[in-house]
Amino acid sequence: IRPRQAFAAGHVPDSLEIEESGSLLAYVGWLVPFNGPIVLVSEDRAQAERITVDLFRIGYEDVRGYLTFSEWHRAGRPIAELGIATVADAREILADGTLPVIDTRFADEHKSQPLRGALKLPFDELSSWAAFAPPRSLVVCASGQRATMAASALQKAGREVVALMDGAVEDLV
């Protein structure tokens, strides 16, 4: 539930990035099996308590606890990183085709502003396409939030991914 930039710089291996936002609960519904066990990785106790209450309100009652990433790091536990691309990097990748580009915007966004050369794989259908995603890719969306979440899920599944975290498809067209 930490900010996506903090997650990219260092996170608990095999964890999912779903940053605290007004959309967190919807994204949890797409990424986390209903009422599956959850351990939150947070910035602090207050953030973990706030999100735990929100999760309980929508039926995710198996929140087993939380840990702060700083505690994890201080304990010398393993840390993973998520590759990030700048807008300039993403433009270059699109132009030269060095990596497949996954556009995780929703289907209606694909129609209204297509990104030529990208695979149109909507975030809300991630569970149906993640197993077939390319082994290496750049993941993009409209703001960086869905791209980072999808990239974390693909990374967890063993894919090598780079996310356009602080940019949008509109910066690429």
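**Exercise 1. Count the salt bridges.**
How many salt bridges does a search of the whole structure find?

*Solution.* The search finds 9 salt bridges. Keep in mind that this is a predicted model. Side chains of opposite charge can pair when their charged atoms come close.

**Exercise 2. Classify Arg 45 and Glu 49.**
Which helix holds Arg 45 and Glu 49, and why does Arg 45 count as exposed?

*Solution.* 
Step 1. Find the bond. A salt bridge joins the side chains of Arg 45 and Glu 49, at 2.6 Å from N to O.
Step 2. Locate the partners. Both lie in helix H3 (residues 45-57). The spacing is 4 residues, about one turn of the helix.
Step 3. Apply the cut-off. Exposed means over 50% relative accessible area. Arg 45 has 52% relative accessibility, so Arg 45 counts as exposed.

**Exercise 3. Explain what Arg 146 ties together.**
Which parts does the pair of Arg 146 and Glu 109 tie together?

*Solution.* 
Step 1. Find the bond. Arg 146 and Glu 109 form a salt bridge, and their closest N and O atoms are 2.7 Å apart.
Step 2. Locate the partners. Arg 146 is in helix H8 (residues 145-156) and Glu 109 is in helix H6 (residues 107-112), so the pair ties together parts 37 residues apart in sequence.
Step 3. Check the surroundings. Arg 146 and Glu 109 are buried.

**Exercise 4. Describe the largest nonpolar core.**
How many residues does the largest nonpolar core have, and which element supplies its largest share?

*Solution.* 
Step 1. Count. The core has 35 residues. Leu 154 is one of those with the most contacts inside it.
Step 2. List the suppliers. Elements giving at least two residues each include H1, H2, H3 and strand E1 (38-42).
Step 3. Pick the main one. H8 gives the largest share of this core, 6 residues.
Step 4. Follow Leu 154. Beyond its neighbours within four places in sequence, its contacts include Ile 102, Trp 129 and Val 161.

Terms used:
Residues numbered from 1 in each chain as written. Predicted model: local features only at pLDDT ≥ 70, side-chain atom pairs only at ≥ 80, totals over all residues. Heavy atoms only, no water. Salt bridge = Lys/Arg side-chain N within 4 Å of Asp/Glu carboxyl O. Buried < 20%, exposed > 50% of the residue type's maximum accessible area, 1.4 Å probe, protein only. Core = buried A, V, L, I, M, F, W, Y, C linked by side-chain atoms within 4.5 Å. Contact = heavy atoms within 4.5 Å.
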